[in-house]
Amino acid sequence: MAERKVRVRFAPSPTGPLHIGGVRTALYNYLFARQQGGELIFRIEDTDSNRFVPGAEDYIIESFKWLGIQFDEGVSFGGEHGPYRQSERREIYKVYVKQLLDNGKAYIAFDTPAELDAKRAEIPNFQYDAQTRGMMRNSLTLSQEEVDSLIAAGEQYVVRFKIEPGRDVHVDDLIRGDVSINSSILDDKVLYKSADELPTYHLANIVDDHLMEVTHVIRGEEWLPSAPLHVLLYEAFGWADTMPRFAHLPLLLKPVGNGKLSKRDGDKLGFPVFPLEWHDPKSGEVSSGYREKGYLPQAVVNFLALLGWNPGNDQEIMSMEEMIKLFDLSKCSKAGAKFDYVKGIWFNHQYLLQQDEMAWTPAFDKILKENGITSTPEKEAQVVAMMKQKVVEYIDPQSKQVKKRNISFVSDLWPLTKFFFVAPETFDKEDKFIRKNWKEDTAADMKELMEVLNGVEDFSVEGQKAVVDAWAEQTGKKPWNAWRVALVGAGQGPDMYELAAFLGKEETLNRMKTAIEALG
């Protein structure tokens with residue numbers, strides 16, 4: 001049989017925002033498809049109409065546009081295998097439900113929720129299977145006339161898959177190897193509900209994957225228990241020869257403690273678990289997103305790619321093209337990956353530093369305007385160039401202690417750069433840096449330095465440096481920290497000549513005069 005072109009799919013449910021674990025699944029599908037010269041399908045699983053959330057589908061599509069994960073066909077992208085929303089494929093599914101019923105691979109069950117609850121109360125660990133189906137109200141225990149009469153009367157029913165017990169079902173997983181489960185522990189899953197005339201996840205996915213010629217199903221570990229059922233369904237339809245290869249990805253785990261990563265973990269430790277900010281239409285709750293927090297999409301993608309996959313070398317910073325070239329499902333871990341959100345911040349720092357200073361300015365300008373400051377991109381880029389390598393203080397969400405880290409977000413700039421745009425108006429005489437560097441004779445030194453600076457015609461870094469360095473060497477004075485107090489009001493900032501050149505002669509002298517008057 002000729003080798004088929006690789007086709008994979010990402011099929012989220014529009015039940016809310018896209019979790020970061022889903023983003024990683026989509027990313028791995030994308031990397032695999034591109035690495036294999038294949039195609040990626042975007043499908044919407046909306047057969048559970050009760051859980052549909054308005055706006056969720058648009059949110060998911062916008063998330064992938066921001067992340068740079070591109071689909072080849074599907075909802076909003078077009079293609080020859082549509083429709084790509086499962087709710088629009090009702091009539092297609094009915095054909096395959098009938099095929100299973102006609103071939104004795106499935107049966108109709110009329111058991112009401114109350115009858116099922118009663119049976120669960122009667123039999124410990126009850127499940128609907130080969131041992132119990134004979135006790136229930138279904139087409140295996142009722143005559144054809146009774147079945148037809150109940151359907152004609154409008155009684156609701158479900159279609160269940162008839163699983164034969166006692167067989168070892170093997171799943172050939174590209175990450176986990178051979179996974180074997182005995183069919184006796186599987187229940188007769190519901191495949192279709194007459195109430196809404198829609199299939200469940202299990203049937204819809206099998207039919208869609210087959211008709212859309214999907215060759216590989218790459219999904220989260222949580223779907224591994226469903227894989228044997230899906231193998232049996234492929235066989236029941238006679239599609240065993242075109243069954244896709246499975247790959248079940250490791251879970252994303254909590255940064256601290258055990259268990260699967262949740263939104264609560266992000267809320268507690270101050271990091272997002274959604275790609276974009278999400279506004280819940282029902283509760284009104286707003287959940288933070290990576291985009292709005294100031295992360296770069298390339299940094300998020302790079303960070304996520306290495307949560308569960310190892311490229312086989314020590315390289316950490318990789319472009320999308322490099323990841324595509326190196327990606328290999330066999331190098332994915334079987335064990336869950338701890339969600340090291342601190343490493344995610346590190347990635348953002350690395351990608352920020354790779355950007356030209358002008359690329360920082362749109363976000364920086366927005367922050368300045370929010371603080372009542374109007375500037376130009378050119379001036380803002382100068383500030384970025386001077387300050388992007390500095391460190392910022394923050395409160396660690398775990399220890400609650402003040403710590404330091406490199407500037408990792410454009411928003412980190414504001415508390416470190418306010419003095420570029422706003423002159424200090426008050427000076428804290430109890431501040432350690434000021435107390436140490438402003439002595440009784442400092443005002444006289446600053447007045448002398450003002451006279452020197454006033455005589456500098458070329459106020460560039462080089463122009464200042466030539467004159468002031470000569471004066472300092474001649475007089476033996478070291479005014480740098482006191483000068484910083486005057487211009488900044490604190491022990492922070494860039495090289496003093498760079499700062500003074502940015503401020504200009506007039507503003508520099510005005511600030512020095514204000515400091516002398518305030519500190520004496």
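Visitor: Which residue forms a salt bridge with Asp-208?
Guide: In this predicted model, local features need pLDDT of at least 70 and side-chain atom pairs pLDDT 80 or more, while totals for chains, interfaces and linings use all residues. Residues are numbered from 1 along each chain as its sequence is written, and side-chain values use heavy atoms, leaving out hydrogens and water. A salt bridge places a side-chain nitrogen of Lys or Arg within 4 Å of a carboxyl oxygen of Asp or Glu. With closest N and O atoms 2.8 Å apart, the partner of Asp-208 is Arg-89.

Visitor: How many residues apart in sequence are the parts that this pair ties together?
Guide: Asp-208 lies in helix α6 (a DSSP run of H or I, at least four residues; strands are E, at least two). Arg-89 lies in the loop between β3 (73-74) and α3 (90-102), so the parts tied together are separated in sequence by 119 residues.

Visitor: Is Asp-208 buried or exposed?
Guide: Buried means under 20% relative accessible area, exposed over 50%, and partly exposed in between (1.4 Å probe, protein chains only). Because its relative accessibility is 0%, Asp-208 counts as buried.

Visitor: Which residue meets Arg-9 in a salt bridge?
Guide: The contact spans 3.0 Å from N to O, and the partner is Asp-209. This pair links strand β1 (residues 7-10) with helix α6 (residues 201-211), 200 residues apart. Both side chains belong to buried residues, Arg-9 and Asp-209.

Visitor: Which residue forms a salt bridge with Lys-98?
Guide: Both residues of this pair are exposed and stand four residues apart in helix α3, about one helical turn. The closest N and O atoms are 2.7 Å apart, and the partner is Asp-102.
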